[in-house]
Amino acid sequence: MTHYKRPGSRLRRPFILGLTGSIGMGKSTAATMFEREGVPVFDADAEVHRLQGPGGALVEAIEARFPGTTGPGGVDRQKLGARVLGHPHELKALEAIVHPAVGRAQKRFLARHRARAVVVLDIPLLFEKGGWHRVGAIAVVSAPLWMQRKRVLRRPGMTNAKFKAIRHLQVPDRVKRARADFVIETGRPKSETHRQIRAITSCFRAR
């Protein structure tokens with residue numbers, strides 16, 4: 001873990017730690033480790049999956065805007081991805097459907113945990129969509145490019161071209177690291193990553 005800045009001494013309750021990182025950097029693993037330390041985590045990706053899954057609240061709206069991209073299992077992410085990836089106007093249309101719903105779920109999460117000392121908002125596009133304005137500190141997960149590529153290309157349906165297109169939409173890792181309060185190195189053994197996360201949680205619990 002690299003600690004670049006010291007979070008402000010006047011912490012509101014709960015203190016909001018934003019967790020982010022580019023695709024394939026190990027953010028989900030880090031989020032699970034925060035949960036093991038007893039820190040509530042709001043997983044924006046998981047919420048999107050729920051909203052787009054079978055019977056999800058957004059399935060009807062997505063089908064109306066992107067016909068043929070849903071079915072009995074909810075949104076077909078492969079079909080929807082093919083419609084929006086590389087098409088900025090279509091991507092913005094999808095975001096206009098998804099982001100408000102995720103934002104409402106996030107507010108409910110914060111209300112449920114308002115008595116906690118610290119919570120984590122796991123948000124993949126924290127920098128890209130301006131969410132960094134609404135958190136008290138930022139933890140960025142990071143790994144070497146070769147490891148990132150290896151992890152991502154193991155995913156079903158992923159290609160080098162898709163990986164390149166996704167990276168193009170994301171703030172570069174070096175920029176995220178420079179803007180972070182904490183950098184969690186995930187290119188190491190998991191025990192070391194967990195040690196870094198325990199150190200981060202201790203920063204807030206000591207206050």
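Threonine 193 touches Met33, Ile184, Glu185, Thr186 and Arg188, leaving aside residues up to four places away in sequence. The model is predicted.

Colleague: Is threonine 193 buried or exposed?
Modeller: Threonine 193 lies in helix 9, residues 190-205. Its relative accessibility is 4%. Buried means under 20%. Threonine 193 therefore counts as buried.

Colleague: What separation do the C-alpha atoms of threonine 193 and valine 141 have?
Modeller: The two residues are 52 residues apart along the chain. Their C-alpha atoms are separated by 9.6 Å.

Colleague: Where does helix 5 bend?
Modeller: Helix 5 covers residues 88-112 and has 25 residues. From first C-alpha to last it reaches 35 Å, close to the 36 Å expected. It bends by about 30 degrees, at glutamate 95.

Colleague: Which strands and helices do the buried residues of helix 5 pack against?
Modeller: The buried residues include Glu90, Leu94, Ile97, Val98 and Phe109. Glutamate 95 is also one of the buried residues. They pack against strand 3 (41-43), helix 2 (44-52), helix 3 (59-65), helix 4 (77-84) and strand 6 (118-122).

Colleague: How are helix 6 and helix 7 oriented to each other?
Modeller: The axes of helix 6 (residues 145-153) and helix 7 (residues 160-169) come within 10 Å. They cross at roughly 120 degrees. Angles of 65 to 115 would count as roughly perpendicular, and those over 145 as roughly antiparallel. The two helices are therefore oblique.

Colleague: Which residues of helix 7 make the contact with helix 6?
Modeller: Helix 6 passes helix 7 in a right-handed crossing. Helix 6 contributes Leu145, Gln148, Arg149, Val152 and Leu153. Helix 7 contributes Asn160, Phe163 and Arg167.

Key
Residues numbered from 1 in each chain as written. Predicted model: local features only at pLDDT ≥ 70, side-chain atom pairs only at ≥ 80, totals over all residues. Heavy atoms only, no water. Helix = DSSP H or I, 4+ residues; strand = E, 2+ residues; numbered from the N terminus. Expected span 1.5 Å × (residues − 1). Bend = angle between axes of the 7 residues up to and from the residue. Buried < 20%, exposed > 50% of the residue type's maximum accessible area, 1.4 Å probe, protein only. Contact = heavy atoms within 4.5 Å. Axes fitted to C-alpha atoms, helices over the stretch in contact; angles between N-to-C directions. Parallel < 35°, antiparallel > 145°, perpendicular 65-115°, else oblique. Left-handed = near helix turned anticlockwise from the far one by under 90°.
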